[in-house]
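Here is a short briefing on one protein chain. Look at the sequence and the structure first, then read the points below.

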Amino acid sequence: MGGLLFRVAEQNRATLVFHLDGVACSALEGDTVLTAVLAHQTRLRTSEFDGMPRAGFCMMGACQDCWIWLETGERIRACTTLVGAGMRLCSYAGAVA
Ligand code: FES
């Protein structure tokens, strides 16, 4: 699956596995959730207002455009949250239990 972001440097960090919409994906330790997701696909989530794809905007915790959900239903800000091994993410709110 092609992502929006491509790694061009610093690829020697340890890898970890997280899940996005039930699919196992790899990331590098220290990646934000936003980086980890956008390395795999071109959108972070779909807007609940107009159905359009969203991929974050400011990348620094100010715009609130990068919300994504944990399978537990908790909403997290992807650009300021580090991805963790075993983290289970949902790209749309309807996917959570
Ligand atoms: S991208 Fe703006 S708050 Fe995360």
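Glu29 touches Arg13, Ala14 and Leu16, with residues up to four places away in sequence not counted. The model is predicted.

**Glu29 and its loop**
- Glu29 sits in the loop that links strand 2 (23-28) to helix 1 (33-38).
- Is Glu29 buried or exposed? Glu29 is exposed, because 12 other C-beta atoms lie within 10 Å, and a residue with 12 or fewer counts as exposed.
- One of the residues Glu29 touches is Leu16. Glu29 and Leu16 are 13 residues apart in sequence, and their C-alpha atoms are 6.5 Å apart in space.

- Five strands build an open sheet, in the order 2-1-7-5-6. The pairing in this sheet is mixed.
- Strand 5 (residues 67-70) and strand 7 (residues 88-90) run antiparallel and are joined by two bridges.
- Leu70 has Leu89, in strand 7, as its bridge partner.

**Arg75**
- Arg75 belongs to strand 6 (residues 75-77).
- Arg75 counts as exposed, because it has 12 C-beta neighbours inside 10 Å.
- Which residues does Arg75 touch, not counting residues up to four places away in sequence? They are Trp67 and Trp69.
- Arg75 and Glu10 are 65 residues apart along the chain, and 29 Å separates their C-alpha atoms.

**The whole chain**
- The protein chain has one helix and seven strands. From the N terminus on, these elements run β-β-α-β-β-β-β-β.
- How does the radius of gyration fit a compact globule of 97 residues? The globule would have a value near 13 Å, and the protein chain has 13 Å, so the two agree.
- The C-alpha trace spans about 40 × 25 × 25 Å along its principal axes.
- Of the 97 residues in the protein chain, 24% are buried.
- Take the contacts between residues at least 6 apart in sequence: 48% of them join residues at least 24 apart.

Technical notes. Residues are numbered from 1 along each chain as its sequence is written. This is a predicted model: local features need pLDDT of at least 70, side-chain atom pairs count only at pLDDT 80 or more; totals for chains, interfaces and linings use all residues. Helices (H or I, at least four residues) and strands (E, at least two) are DSSP runs, numbered from the N terminus. The radius of gyration is taken over C-alpha atoms; the globule rule is 2.2 Å times the number of residues to the power 0.38. A residue is buried if 20 or more other C-beta atoms lie within 10 Å of its own, exposed if 12 or fewer, and partly exposed in between; C-beta atoms are placed from the backbone. Two residues are in contact if their C-beta atoms, placed from the backbone, lie within 7 Å. Two strands pair if DSSP finds at least two bridges between them.
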